[in-house]
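Q: Walk me through this one, please, starting with the strands.

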Amino acid sequence: MTCRVAAVDCGTNSLRLLVADVDPGRAELTDVIRRMEIVRLGQGVDQTGWLAPEALARTMVVLRDYADVIVGSGAQAVRMVATSATRDADNAAEFVRMVKEVLGVAPEILTGDEEAVLSFTGAATELAAGPDRGPFLVADIGGGSTEFVLGWPRGDDPPRTPPDPGGAVRLPRPPGPPSAISVDIGCVRMTERRLHGDPPADQEVAAAVADIDAALDVVAAAMPVREARTLIGLAGSVTTVAAIAMGLPAYDAARIHHARVSAADVHAVSRSLLAQTRAERAAIGVMHPGRVDVIGGGALILDRLMQRFGFGEVLVSEHDILDGMAWSLAGARS
């Protein structure tokens, strides 16, 4: 049975809304409304440990608009989550209070692992019956953190060579949830911490690379990343890099969703963005104005992880934690 649900994701850089009709029995999720605004809630959190008053004010203005949209849509269930910036902030309780007043429900401040599993569900569920090989590594490059999840999509099973030539045999899916880890590298955090020049100086880029590589060491120690057969990249940094690599004149989510971008193209786009001035990046047709100053950091994270873990291409997904939240809401009601 189809139900209409609403999901709100508040990250370090953006505030996003999805209203969707979900049919768990048929594994179908249909967008009704999908929106994104750059509010930069995580402005300065890496340095101060606090959510800035002006950042809270920007976020609440957009959230009030989202609340009106949700009521008008007739959504039967609502879920809001907050991620990296709110986890890091000492005044997170103030944010929770303000959200509850505006939206009517309190935001869930997710751990990095919880965020990662929801992102995996959103990106991988629709790929379960497709041609791409598992296990999948989902990399969700956010503003303050990047989540990595390694596992099999729901409904998919790892193949095994049959004992005789009689045909394919499938074993049961591995027990337990996917492996997940969150590390503190993101497009906003890297920009505020390291990439200050216009364009960044070589030594600034080198310092950012060192931070990213250290975080990837932690990921490699936590999970067998090289067992993954398909890399799925999520969030605005990845989709923007893909749009540039594809030569799109304007952002086109339908064309970007499930596009494949080679490691060589990711590397070329990353190098180009880091060599450009802010004005040059702003002139790129696919660039969201709120992403102009941080896209170099996000592109560098994607480039480094593909090089480090040996991925020849990334499968780009427009579906992520919002879709994972929608699936969770529909599952709870079914």
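**Strands and helices**

Q: In which sense do β1 and β4 pair?
A: Strand β1 (residues 3-10) and strand β4 (residues 77-82) run parallel, with 6 bridges between them. Strands here are DSSP E runs of at least two residues and helices H or I runs of at least four, numbered from the N terminus; pairing takes at least two DSSP bridges.

Q: What's the origin of these coordinates, and the numbering?
A: It's a predicted model, where local features need pLDDT of at least 70, side-chain atom pairs need 80 or more, and totals for chains, interfaces and linings use all residues. Numbering starts from 1 along each chain as its sequence is written, and side-chain values use heavy atoms, leaving out hydrogens and water.

Q: Which residue of β4 is the bridge partner of Val 8?
A: Met 80.

Q: What's the strand order in the sheet?
A: β3-β2-β1-β4-β5, 5 strands in an open sheet with mixed pairing.

Q: Which helix lies across β1, β2, β3 and β4?
A: Helix α2 (residues 53-73), at about 15° to β2. Angles run from 0 to 180 degrees between N-to-C directions of axes fitted to C-alpha atoms, for helices over the stretch in contact.

Q: New topic: how do α8 and α12 pack?
A: At about 85°, axes 9 Å apart, with α12 covering residues 295-309. That pair is therefore roughly perpendicular (65 to 115 degrees).

Q: Which residues make that contact?
A: Ser 237, Val 238, Thr 240 and Val 241 from α8 meet Ile 295, Gly 298, Ala 299 and Leu 302 from α12, contact being heavy atoms within 4.5 Å.

Conventions:
Angles under 35 degrees count as roughly parallel, over 145 as roughly antiparallel, 65 to 115 as roughly perpendicular and the rest as oblique.
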